[in-house]
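Open the model in your viewer with the chain shown as a cartoon. The stops below say what to select and what to look for at each.

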Amino acid sequence: MHYNHQHQVKLLSKQATRGHRGKQGMIKTYKFRIYPNNTTENRLQWVLDRCRELYNAALQERKEAYKYASKTISYYEQQNDLPDIKEIRPEYKDIGAHVLQNVLKRVDKTYRDFFRRCKIGQTPGYPRFQGKNRYDSFTYPDTYGLKVSASHVTLPKFGNVKLKLHRPIEGKIKTCTIKHEGEHWYAAFACEVETEKLPVSYEDIGIDLGITHFAALSDGTFIDNPRYYRKGEKLLERRNQALSRKKKGSHRRDKARKLVAKAHRKVRNQRKDFLHKASRQIVNKHQVIVFEDLQTENMVKRPKPKQDENGTYLPNGASAKAGLNKSITDAGWGMFVDMVSYKAASAGRSMIKVNPYKTSQICSACLKEGPHKDLAERTHICIHCGIVLDRDTNAALNILRAGRVQQSAMAVEALGL
Ligand SMILES: [Zn+2]
């Protein structure tokens, strides 16, 4: 399995994935940097500006229709106006019709999302006009006139634009989105790929994510955290200090800042690589994968300072927690669970999240509850049945059991029993 960081293959939102799963198809996006020459770049920007203008005009029309006439304008009504717009503003003839239709579809989607959220009782912000910095892409919603080679992409109404195809595109290209991010331009291709279902595995696994080991598995094995961040951190710290010594606005400061960013990037990429490999292993081997439903975001929050009766602040282990926080963010649990989740989905495997209730106190062998364990207690020695297990292995076994209970409950519900 090979993953490339610069051009991550990522699933579209869950909704999109579901929507496109018809015949075991799944949408993957491939994003490549493109290198337009000056003329082309100016034209890309020009198209982007026209699209944004159209977007804002369409939004305004809908807003006013609703405000003054309590009327909702549909996508098709707006689409039918496109020929008239081209009469009044002939420059719009230089932009592909499908690209313009896609702009109106974006407006339509914004409105649908807005109304959907209103319906379920939320209070979403009213759809907003898009400024130059927010509206940063336009889309070819089909492949008519679009071609990709190892060195170029042929865009309708533009011709060839240089591109670096770092990894082959799998599947069938469905759409191409041109994006302006910072100084750079990108082409993102949404492709429909046939998912390769892995043969059914009969091995299920419970996984306890932790600090001592990145993960403890219910089969007694562990995945260890490489702690790249700790190693990379030293380098980062040195570079940060070097940066702080440089004069503001100086050339050297700029250079130092780039080195800091580079160190950050390296740590991030190493971590992602580790998580990709570990999640791939898990999904390849197991049919049902059970995790604790951890609210990592809550765990990473800073602890609130505690006060005693006299209003004096008590030491609350904030510094120890900060260390724990670092390990948690460092370990990338959330990212790991996400990766397992989408790899499992495309391989026809299932992932279950269970309530992390007392998973370390309960004995996985006799199911009786024992005393609370300190973080330092690494071994589970059952006071009821006497079994001796690694603390995290015991937790992983409990997680697996909870997952099986949840799964059979779901099965019973599905049968309507
Ligand atoms: Zn026991």
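Select α2: the cover over its buried residues includes α3 (75-80), α5 (97-119), β3 (137-140), β7 (172-181) and β8 (184-194).

Now colour the buried residues of α2 itself: Leu44, Val47, Cys51, Arg52, Leu54, Tyr55, Ala58 and Arg62. An α-helix has 3.6 residues a turn, so residues three or four places apart point the same way. Next, check the length of α2. Its 32 residues, 38-69, should span 46 Å at 1.5 Å a residue, and the end C-alpha atoms are 46 Å apart, which agrees. Step just past the end of α2 to Ser70, where phi is positive, about 50 degrees.

**Confidence**

Colour by pLDDT next, since this is a predicted model. The chain has a mean pLDDT of 81, and 83% of its residues reach 70 or more. Residues 1-23 fall below 50, and this stretch has 32 contacts in the model beyond near neighbours in sequence. Residues 296-325 also stay under 50, with 21 contacts beyond four places in sequence. Where pLDDT is low, the predicted coordinates should not be read in detail.

**Whole chain**

Zoom out. The chain holds 11 helices and 17 strands, and 22% of its 417 residues are buried. Of the contacts with a separation of 6 or more, 63% are between residues 24 or more positions apart.

**The five-stranded sheet**

Select the open sheet of 5 strands, which has mixed pairing and the order β11-β10-β9-β12-β15. Its edge strands are β11 (222-223) and β15, each pairing on one side only.

Move along to β12. How many of its 5 residues are buried? The count is 4, so to speak a mostly covered strand. On one pairing, β12 runs parallel to β9 over 3 bridges, with Ile205 bridged to Ile289 of β12. On another, β12 and β15 are parallel and joined by 5 bridges; there Glu292 is the partner of Val354 in β15.

**The largest nonpolar core**

Show side chains for Ile207, Ile289, Val290, Val340, Ala396 and Ile399: among the 30 residues of the largest nonpolar core, these touch the most other members. At least two core residues come from each of β9 (205-209), β10 (215-217), α7 (251-285), β12 (288-292), α10 (333-347), β15 (350-354) and α11 (391-415). Which residues does Ile207 touch, leaving aside those up to four places away in sequence? They are Ala215, Leu217, Ile289, Val290, Phe291, Ala396 and Ile399. A second, separate core has 27 residues, including Cys51, Ala58, Leu100 and Ile178. In soluble globular proteins, nonpolar side chains tend to be buried together.

**Helix α7**

Finish on α7. This helix has 35 residues and reaches 52 Å from its first C-alpha to its last, close to the 51 Å expected at 1.5 Å a residue. Select its buried residues: Arg271, Phe274, Leu275, Ala278, Ser279, Ile282 and Val283.

Key. Residues numbered from 1 in each chain as written. Predicted model: local features only at pLDDT ≥ 70, side-chain atom pairs only at ≥ 80, totals over all residues. Core = buried A, V, L, I, M, F, W, Y, C linked by C-beta atoms within 7 Å. Buried ≥ 20, exposed ≤ 12 C-beta atoms within 10 Å, placed from the backbone. Contact = placed C-beta atoms within 7 Å. Pairing = 2+ DSSP bridges. Expected span 1.5 Å × (residues − 1). pLDDT = per-residue confidence, 0-100.
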